[in-house]
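The following note is meant for a colleague who is meeting this structure for the first time. Its points are numbered so that each may be checked separately.

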Amino acid sequence: MTELIVPRRFCGPPDSGNGGWTAGSLAALDEADAPDDHRGSWPPIEVSLRQPPPLDTPLDVTAEAGVTTASFGGAPIATAHRVDRTLADVDPVAPDDAASASSSYPGHTFHPFPTCFACGTAREEADGLRIFPGPVGEGADGHRVAAPWTPHPSLHEDWHTYVDEHPRASVAATWAALDCIGGWAGDLTERLMVLGRMTARIDDLPVIGEPHVVVGEGRGRDGRKTFTASTLYDADGRVVATAEHTWVAVDPALFGGRVPSSD
């Protein structure tokens, strides 16, 4: 048994963990499926968030029958396991177009969780990721959004887990970068949603200090569920990582979220 702690810096809603960072941290503890060199290719790992991840709280992590589980007080918070299916990459967007789109980020007008580690407008440089996706057109099943992102040195992966002369962002930070952009590609401006499930494949950990582009797209709805996807590209246009998400509409009061003004 080991432990997982979500520090307050990595919150999503004000009092619980960012879904992508939490999911990525748990995926990194899936020793059976993680590459020996974390910079290597990761298979698709699916993480289901069962309850809001508590902050600054040790979670017990166990592995059984191919499933890695983070629990608190005996109740599962999140589970992770490998899946044998192909994740479809989101088509790329040029860096200049992503930068232009970011100026139209809906979160500048209204944000349900302004302190979110990944996309919160209240987070400072070198603290949050400040990934602010704006619209870049329509896809087959929903909106397409994009944003630039340059990993900060504070996001570095543990040097003991990979071999490379360049510092790389951590597995958890990579998952976080792929997270909220999916929500903005969905219907986050219309109703409050939280991440229920995320499946991610990492081809290469992103280089610290190198410009990247992250692109998201909507992939349909079913009742309270919204389906989206996202892909992270490096400065040379190569795929770094891809994710697919399932979001669940919730009561804002249960998560400390804001709602749009009725004015």
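1. A polar contact is a pair of N or O atoms within 3.5 Å; within protein, one atom must be able to donate a hydrogen and the other to accept it, and residues adjacent in sequence count only if both atoms are side-chain atoms. In this sense, a polar atom of the His 245 side chain lies 2.7 Å from the backbone oxygen of Leu 178. The side chains of His 245 and Ser 230 are likewise joined by a polar contact, of 3.5 Å.

2. On the basis of the note: this is a predicted model, in which local features need pLDDT of at least 70 and side-chain atom pairs count only at pLDDT 80 or more, while totals for chains, interfaces and linings use all residues. Residues are numbered from 1 along each chain as its sequence is written, and side-chain values use heavy atoms, with hydrogens and water left out.

3. His 245 belongs to strand β11, residues 239-249. Helices (H or I, at least four residues) and strands (E, at least two) are DSSP runs, numbered from the N terminus. His 245 counts as buried because its relative accessibility is 3%; buried means under 20% relative accessible area, exposed over 50%, and partly exposed in between, with a 1.4 Å probe and protein chains only. Not counting residues up to four places away in sequence, His 245 touches Leu 178, Arg 197, Phe 227 and Ser 230, among others; contact means heavy atoms within 4.5 Å.

4. Helix α1, residues 19-28, is mostly covered, with nine of its 10 residues buried. Among the buried residues are Gly 19, Trp 21, Leu 26 and Ala 27.

5. With a relative accessible area of 1%, Asn 18 is buried. The Asn 18 side chain reaches two backbone nitrogens: that of Gly 20 at 3.1 Å and that of Trp 21 at 2.7 Å. Leaving aside neighbours within four places in sequence, the contacts of Asn 18 include Phe 10, Cys 116, Ala 176 and Asp 179.

6. The largest nonpolar core has 63 residues, and those with the most contacts inside it are Leu 26, Val 47, Leu 129 and Trp 175. A nonpolar core is a set of buried Ala, Val, Leu, Ile, Met, Phe, Trp, Tyr and Cys residues joined through side-chain atoms within 4.5 Å. Apart from it lies another core, of eight residues, including Val 90, Val 93, Ala 146 and Ala 229. Val 47 touches residues including Ala 23, Leu 26, Thr 79 and Trp 175, not counting residues up to four places away in sequence.

7. Thr 79, in strand β5 (residues 75-82), is buried, with a relative accessible area of 10%. The side chain of Thr 79 makes a polar contact of 3.1 Å with that of Arg 50.

8. Which residues lie nearest the centre of the largest pocket? They are Leu 49, Val 194, Leu 195, Gly 196 and Trp 247, out of a lining of 31 residues. On a 1 Å grid over the protein atoms alone, a pocket is an open set of points where a 1.4 Å probe fits, with protein on both sides within 12 Å along at least five of seven lines; lining residues have an atom within 4 Å of a point. Strands β2 (45-49), β8 (193-202), β10 (225-233) and β11 each supply at least two lining residues, and the largest share, five residues, comes from β8.

9. Most residues other than glycine have a negative phi. Asp 56, in the loop between β2 and β3 (59-64), has a positive phi near 50 degrees, and at 47% relative accessibility Asp 56 counts as partly exposed. Ala 65, in the loop between β3 and β4 (67-72), has a positive phi of about 55 degrees; Ala 65 is exposed, with a relative accessible area of 79%.

10. Is Leu 188 buried or exposed? Leu 188 is found in the loop between α4 (180-185) and β8, and at 9% relative accessibility Leu 188 counts as buried. Leaving aside neighbours within four places in sequence, Leu 188 is in contact with Pro 112, Gly 183 and Met 193.
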